[in-house]
Amino acid sequence: MLFPCMRASSRISFIDDDPSFLDAMADAVASVRRCEFLHHPGELDHSYAEQEALLRREQQMLARVVGAESPLAAALDYFAWEGRHRIFSVLVTDQVMPAEDGISICERHGHFGLRRILLTGAADADLAVKAFNGGAIESFLPKQTRNLGFNLRRALQEQFLHNSLERGRHLAMQMRHERLQALQSDDVSNALMVILGRGRVDEYLVLGEPFGVLGLRADGRLSWIQIETTDGLRELADSLAEFGWDAPGLDRVRAGQALPNLELVSQLEGIAAAIAPVEVLSEADGVLAAEFLFDWPAAVSWRALAEERGG
């Protein structure tokens with residue numbers, strides 16, 4: 001099972017010259033946030049004017065996370081950057097429109113980080129297949145299909161997944177092979193999805209060192225899911241002793257019942273030392289995790305905000 005190394009802020013644009021069909025699409029995706037509905041290609045061009053610059057900025061920030069002395073602080077800088085909410089993840093466009101056809105629109109907006117879904121009529125099937133094979137679109141969906149709303153939501157979820165995989169490539173490329181492999185385990189991936197869903201984590205970044213998932217919850221708090229292996233617990237217990245943790249905490253770690261938030265404490269100022277109960281991600285692979293919730297630390301560098309305000 002694919003587990004992307006990031007879940008990005010997802011913004012969608014829909015374009016169709018038929019207002020009634022745009023209303024129908026709006027109803028179909030009512031639960032999806034950050035959608036815009038447009039009638040003319042010129043409106044789309046205006047919305048997309050800054051996309052390539054925003055995506056370049058995002059990739060620079062993610063590369064900085066990988067190479068930072070404090071990856072957790074650099075990841076928080078990314079979450080502090082409001083520009084990520086202006087990035088469009090998916091374009092959904094009708095094929096037949098008077099000003100410009102959908103395939104032409106998709107070809108003009110074929111930049112990195114955008115997934116394109118073409119809505120087709122009965123006479124457009126061959127054109128859609130040709131556009132798909134030629135790389136002009138990533139998916140197409142007949143407008144006359146039954147349960148269009150359900151199929152559209154499913155197509156969007158599929159493209160969100162691929163969008164996250166593409167945009168998170170810096171994080172994946174720099175991760176140790178055994179850790180990346182663990183993330184692709186069905187047991188580990190499913191268990192992480194449960195934890196993320198439980199906390200309503202809207203966005204996350206997977207860090208390779210320290211190994212874990214830093215997520216931004218819907219309530220504004222942060223979640224750090226620290227991932228460890230059974231074999232690494234003894235080393236953690238030794239580290240706890242060096243940090244002066246109490247004996248009960250050491251005993252729980254040695255027994256495989258809890259994990260410490262050493263990485264948070266060492267990389268972010270103002271985080272209190274704590275332990276959290278272990279959750280087994282994969283019994284077969286000996287992969288464990290513990291989730292720590294915390295508020296925005298005052299010592300975050302806020303480099304992203306400073307750069308943005310500076311131009």
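**Aromatic pairs, salt bridges and a charged patch**

Six aromatic pairs are found in the structure, which is a predicted model. One of these pairs joins tyrosine 78 and phenylalanine 79. Another pair is made by phenylalanine 132 and phenylalanine 140. Here the centres are 6.3 Å apart with 75° between the planes, and the pair is edge-to-face. Phenylalanine 132 is partly exposed, with a relative accessible area of 40%, and phenylalanine 140 is also partly exposed, at 31%. Returning to tyrosine 78 and phenylalanine 79, these two residues form one aromatic cluster together with Trp81.

Attention now turns to charged side chains. Searching the whole structure gives 16 salt bridges. Among them is the contact between glutamate 58 and arginine 167, whose side chains meet at 2.7 Å, N to O. Glutamate 58 and arginine 167 are both buried.

A further salt bridge links glutamate 203 with arginine 84, and their closest N and O atoms are 2.7 Å apart. Why does this pair tie together parts of the chain that are apart in sequence? Glutamate 203 sits in strand S7 (residues 201–208), whereas arginine 84 sits in the loop between helix H4 (71–80) and strand S4 (90–94), so the parts being tied together are 119 residues apart in sequence. Glutamate 203 is buried, with 3% relative accessible area, and arginine 84 is buried too, with 2%.

Glutamate 279 and arginine 198 form another salt bridge, in which the closest N and O atoms are 2.9 Å apart. Since glutamate 279 lies in strand S12 (residues 279–282) and arginine 198 in helix H10, the pair ties together parts that are 81 residues apart in sequence. Glutamate 279 is partly exposed, with a relative accessible area of 27%, and arginine 198 is partly exposed at 48%. Salt bridges can also be joined into a network, as seen for Arg176, Glu178, Arg179 and Glu209.

What about acidic residues at the surface? Asp17, Asp18, Asp23 and Asp27 form a negative surface patch. Of these, aspartate 27 is placed in helix H1 (residues 19–28). Is aspartate 27 buried or exposed? Its relative accessibility is 64%, and so aspartate 27 counts as exposed.

Finally, there is a contact between residues that are 182 positions apart in sequence, namely glutamine 184 and leucine 2. In space, their C-alpha atoms are 5.7 Å apart. Glutamine 184 is found in the loop between helix H9 (177–183) and helix H10 (186–198). With 30% relative accessibility, glutamine 184 counts as partly exposed.

Key: Residues numbered from 1 in each chain as written. Predicted model: local features only at pLDDT ≥ 70, side-chain atom pairs only at ≥ 80, totals over all residues. Heavy atoms only, no water. Patch = residues over 30% accessible without salt bridge, like charges linked within 9 Å, V, L, I, M, F, W, Y side chains within 5 Å. Areas by Shrake-Rupley, 256 points an atom, 1.4 Å probe, with all protein chains shown as cover. Salt bridge = Lys/Arg side-chain N within 4 Å of Asp/Glu carboxyl O. Lys, Arg positive; Asp, Glu negative; His and termini not counted. Charge placed at Lys NZ, Arg CZ, Asp CG, Glu CD. Helix = DSSP H or I, 4+ residues; strand = E, 2+ residues; numbered from the N terminus. Buried < 20%, exposed > 50% of the residue type's maximum accessible area, 1.4 Å probe, protein only. Phe/Tyr/Trp six-rings, centres within 6.5 Å; stacked < 30°, edge-to-face > 60°.
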